[in-house]
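Thanks, everyone. Let's take a quick look at one model and walk through a few spots in it.

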Amino acid sequence: MDFGDKSLDFRKVLTNREIRQGRHARPYSNLMEGANQCLAAGRDIVKNADTSSHLQLLERSVVITFVTHVEVYFRDMLDAIFKHCDPDYFLPHLRHIHQNKYGIDEMIDVYTKQIHPLEIVSSDMSFQNTDKIERIFSRFLGSSLWSAAINIKIRIKDRPETACSFEPEYLEGLKRIFELRHELVHNPRNARHLTEELLQDIENAFGLMLAVDCVLTQMLHDRRDPALDLED
């Protein structure tokens, strides 16, 4: 039997479901909370670099944890697409974003464990690469996610002085953070890496994620499943 690249990890699917239920309903709220903690910890480490103990471990934690929060955000947004959008909108894209094949025994387990097939799709995703994020979410948008986020302008209603935009360099910063995270996990360095420049990358990447959330939230609104309105 051909099971594709890997067989189903039921524990991962069920664990993801349980943990997701304990998070904020809005994915960006979770990201904001986690990113602010990473930035606060990073600034404290840089400020007290000469006196901090276990410095290398703490520095690695800031980068790795930030990337984890970004990945969780995109996984939760994918779940949100499946929950709130019209199935006619997202179903044609599934075969392009999830190509694993499963055997009949696994399908029976899916039924007996009451796992929705779409939970398998989102649980299987890894979002630690900007190209992968672009490939998945641009399919739903019909255009480039990163271009849409960089080109958007945001301001508080009736307060034009609060207007802000997002630079292409913000995306480059996110790429550098992803690359550093991969290095720290798979080939950790002994040298210092947490600098003011890296903190600026994290802050800029966090800002870019606000623009991303505006783009994806608008998409969810525009593609909302009409059946949900009937239930309300």
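Start with the contacts of Thr-130. Setting aside residues up to four places away in sequence, Thr-130 touches Trp-146, Leu-171, Leu-174, Lys-175 and Phe-178. Keep in mind that this is a predicted model.

Where does Thr-130 sit? Its place is in helix α7, which covers residues 130-141. Buried or exposed? Thr-130 has a relative accessible area of 7%. The cut-off for buried is under 20%, so Thr-130 counts as buried.

Stay with α7 and look across to α10. The two axes, α7 and α10, come within 11 Å. They cross at roughly 40 degrees. That makes α7 oblique to α10. As for the hand, the crossing of α7 and α10 is left-handed.

Which residues meet there? From α7, we have Phe-137, Phe-140 and Leu-141. From α10, their partners are Val-215, Leu-216 and Met-219.

Now follow the chain past α10. Asp-225 lies in the loop between α10, residues 196-222, and α11, residues 226-231. Asp-225 is buried. Yet Asp-225 has no salt bridge. How far away is the nearest side chain of opposite charge? That side chain is Arg-224, and the distance is 8.0 Å. The salt-bridge cut-off is within 4 Å.

What does Asp-225 touch, then? Leaving out neighbours within four places in sequence, Asp-225 is in contact with His-84, Cys-85, Asp-86 and Pro-87.

To recap: Thr-130 is buried in α7, α7 crosses α10 with a left hand, and Asp-225 is buried without a salt bridge. Over to you for questions.

Methods:
Residues are numbered from 1 along each chain as its sequence is written. This is a predicted model: local features need pLDDT of at least 70, side-chain atom pairs count only at pLDDT 80 or more; totals for chains, interfaces and linings use all residues. Side-chain values use heavy atoms; hydrogens and water are left out. Helices (H or I, at least four residues) and strands (E, at least two) are DSSP runs, numbered from the N terminus. Buried means under 20% relative accessible area, exposed over 50%, partly exposed in between (1.4 Å probe, protein chains only). Contact means heavy atoms within 4.5 Å. Lys and Arg count as positive and Asp and Glu as negative; His and the chain ends are not counted. Axes are lines fitted to C-alpha atoms, for helices over the stretch in contact, and angles run from 0 to 180 degrees between N-to-C directions. Angles under 35 degrees count as roughly parallel, over 145 as roughly antiparallel, 65 to 115 as roughly perpendicular and the rest as oblique. A crossing is left-handed if the near helix is turned anticlockwise from the far one by less than a right angle, and right-handed if clockwise.
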